[in-house]
Each structure stands twice: as C-alpha cells, then as structure tokens.
Amino acid sequence: QVELVESGGGLVQPGGSLRLSCAAKGSIVSIDLMGWYRQAPGKERELVATVTGNGSTNYADSVKERFTISRDNAKNTVYLQMNSLKPEDTAVYYCRADFPTVVGLYDYWGQGTQVTVSS
C-alpha cells in the first residue's frame, strides 16, 4: 500500500511564496512521473507541473517562470516552489505519483493541501 502525504499549504499574500512537499510512503520500488495538480472552487482539476524520473519537467503556461517542480528520488518526495503568487493561484493542490506495476502505470493521489493567496 502506498500513501502520498502532502504539506506546505497555507495563506499567503499576493507576491509571496510557498513550498509544497509530497512524500510517498509505503512499499515503493520505483516511481515514474510525479506531479502537482490543482482545483479551484467551481473549476475542474488542472495540471500545474510534472517531473519525470530523470528530471524532465512540464509546466502549465499560467505558472511558468513562477513555479518550480523538483524531486528527491532517494526520499520519494516531490516539491513545488511557488513564487510571485497571485490570487488566481488559490486552489486545493494535489500531488500525484505514477507507480509501475506488472500491468502498467498506476496513479496515486494525495489528500490535497489548500493554498490561499489573499491580502
């Protein structure tokens, strides 16, 4: 059994920064893609950023140049450094990790952490 444990959300003023962390715990052999998604009230969940096992990254246009995703494979942890935060970044942020299985990739999701950007 695998669990994704997120931390680092909170309330921040516009222009501020936050760092989210997501640690995968349990019986883990390897992790393929890791990423962050977010869901604002009344909107669908959307991709924020992903990072592959060899460090290749992908970002939503809305967060490019402001957010940085990284991972520590030894700790099975993915991070999201968020700078220059805007009110429109307010959402619940979810971590995702894809685990290889004998039948293909299986994705796990974290419980979500609230990020609120407001003055």
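Contact here means heavy atoms within 4.5 Å. The legends below describe a predicted model in which local features need pLDDT of at least 70, side-chain atom pairs count only at pLDDT 80 or more, and totals for chains, interfaces and linings use all residues. Residues are numbered from 1 along each chain as its sequence is written, and side-chain values use heavy atoms, with hydrogens and water left out.

View 1. The chain holds zero helices and 11 strands, where helices (H or I, at least four residues) and strands (E, at least two) are DSSP runs numbered from the N terminus. The radius of gyration, taken over C-alpha atoms, is 14 Å for the chain, close to the 14 Å that the globule rule gives for 119 residues, so the chain is as compact as a globular protein of that length; the globule rule is 2.2 Å times the number of residues to the power 0.38. Along its principal axes the C-alpha trace spans about 50 × 25 × 25 Å. Of the contacts with a separation of 6 or more, 54% join residues 24 or more positions apart. Buried residues make up 40% of the 119 residues, buried meaning under 20% relative accessible area, exposed over 50%, and partly exposed in between (1.4 Å probe, protein chains only).

**View 2. Tyrosine 37 in strand S4.** Tyrosine 37 lies in strand S4, residues 34-39, and is buried, with a relative accessible area of 12%. Not counting residues up to four places away in sequence, tyrosine 37 touches Arg45, Glu46, Leu47, Val48, Thr50, Val92, Tyr93, Tyr94, Arg96 and Trp109. Serine 84 is 47 residues apart from tyrosine 37 along the chain, and their C-alpha atoms are separated by 18 Å.

**View 3. Tyrosine 106 in strand S10.** Tyrosine 106 is found in strand S10, residues 104-109, and is partly exposed, with a relative accessible area of 47%. Leaving aside neighbours within four places in sequence, tyrosine 106 is in contact with Ala97, Asp98, Phe99 and Thr101. Between the C-alpha atoms of tyrosine 106 and aspartate 72, which are 34 residues apart along the chain, the separation is 20 Å.

View 4. Glutamate 65 is exposed, with a relative accessible area of 80%.

**View 5. The largest pocket and its lining.** The largest pocket has a volume of about 150 Å³ and is lined by Arg38, Gln39, Ala40, Lys43, Glu44, Glu46, Ser62, Glu88, Thr90 and Ala91. On a 1 Å grid over the protein atoms alone, a pocket is an open set of points where a 1.4 Å probe fits, with protein on both sides within 12 Å along at least five of seven lines, and lining residues have an atom within 4 Å of a point. Grid points are joined across faces, edges and corners, and the volume is the space filled by probe spheres set on the points. The lining divides into two nonpolar, three polar and five charged residues, with Ala, Val, Leu, Ile, Met, Phe, Trp, Tyr, Cys and Pro counted as nonpolar, Asp, Glu, Lys and Arg as charged, and the others, Gly among them, as polar.
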